[in-house]
Amino acid sequence: MSQHKYLNYDSKGRCVVISNDKPLSLYSLQKLVGGYIEFVPCGDYTACINEDGLLKKLPVNQAYPQFVGDIVLGRMHHDQKTEENVFIGAGVVRHAQVVT
């Protein structure tokens, strides 16, 4: 089973690598960003952000100033069997600079 690695940037730009055997659940993603989630293209990756971040007046994310609040970076994958899009983490960490 492959390891999924995600990058979780808090609003101050600090990064934590999250490793999981399975893609993160909806509940886990909501906890990480602090509310309802929205997926937004971010270069070669997909950012999972707080859907209501602007309404909640969350602070600008220092690592990714186009977003507010905490974000999770991963990749979107289309599962041919289920015809669903799945937010996976494979391949993110080797391309990203981890900010501490």
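Q: Is N61 buried or exposed?
A: A residue counts as buried when its relative accessible area is under 20%. In this predicted model, N61 has 0% relative accessibility, so N61 is buried. N61 sits in the loop between β4 (45-50) and β5 (71-79).

Q: What does the side chain of N61 reach?
A: For polar contacts, look for pairs of N or O atoms within 3.5 Å. Here, the N61 side chain comes to 2.9 Å from the backbone oxygen of G69. A polar atom of that N61 side chain also lies 3.0 Å from the backbone nitrogen of A63.

Q: Which residues is N61 in contact with, leaving aside neighbours within four places in sequence?
A: They are Y9, D10, S11, F67, V68, G69, D70 and I71.

Q: Now to rings. How many aromatic pairs does a search of the whole structure find?
A: Rings pair if their centres lie within 6.5 Å. The search finds three such pairs. One of them joins Y6 and F87, tilted, at 5.6 Å centre to centre with 35 degrees between the planes. Because Y6 belongs to strand β1 (residues 4-9) and F87 to strand β6 (residues 84-88), this pair ties together parts 81 residues apart in sequence.

Q: Which residues do ring pairs link into a cluster?
A: Y6, F39 and F87. The F39 and F87 ring centres are 4.9 Å apart and their planes stand at 45 degrees, so this pair is tilted. F39 lies in strand β3 (residues 37-42) and F87 in strand β6, so parts 48 residues apart in sequence are tied together.

Methods. Residues are numbered from 1 along each chain as its sequence is written. This is a predicted model: local features need pLDDT of at least 70, side-chain atom pairs count only at pLDDT 80 or more; totals for chains, interfaces and linings use all residues. Side-chain values use heavy atoms; hydrogens and water are left out. Rings of Phe, Tyr and Trp (its six-membered ring) pair if their centres lie within 6.5 Å; planes under 30 degrees apart count as stacked, over 60 as edge-to-face and the rest as tilted. Helices (H or I, at least four residues) and strands (E, at least two) are DSSP runs, numbered from the N terminus. Buried means under 20% relative accessible area, exposed over 50%, partly exposed in between (1.4 Å probe, protein chains only). A polar contact is a pair of N or O atoms within 3.5 Å; within protein, one must be able to donate a hydrogen and the other to accept it, and residues adjacent in sequence count only if both atoms are side-chain atoms. Contact means heavy atoms within 4.5 Å.
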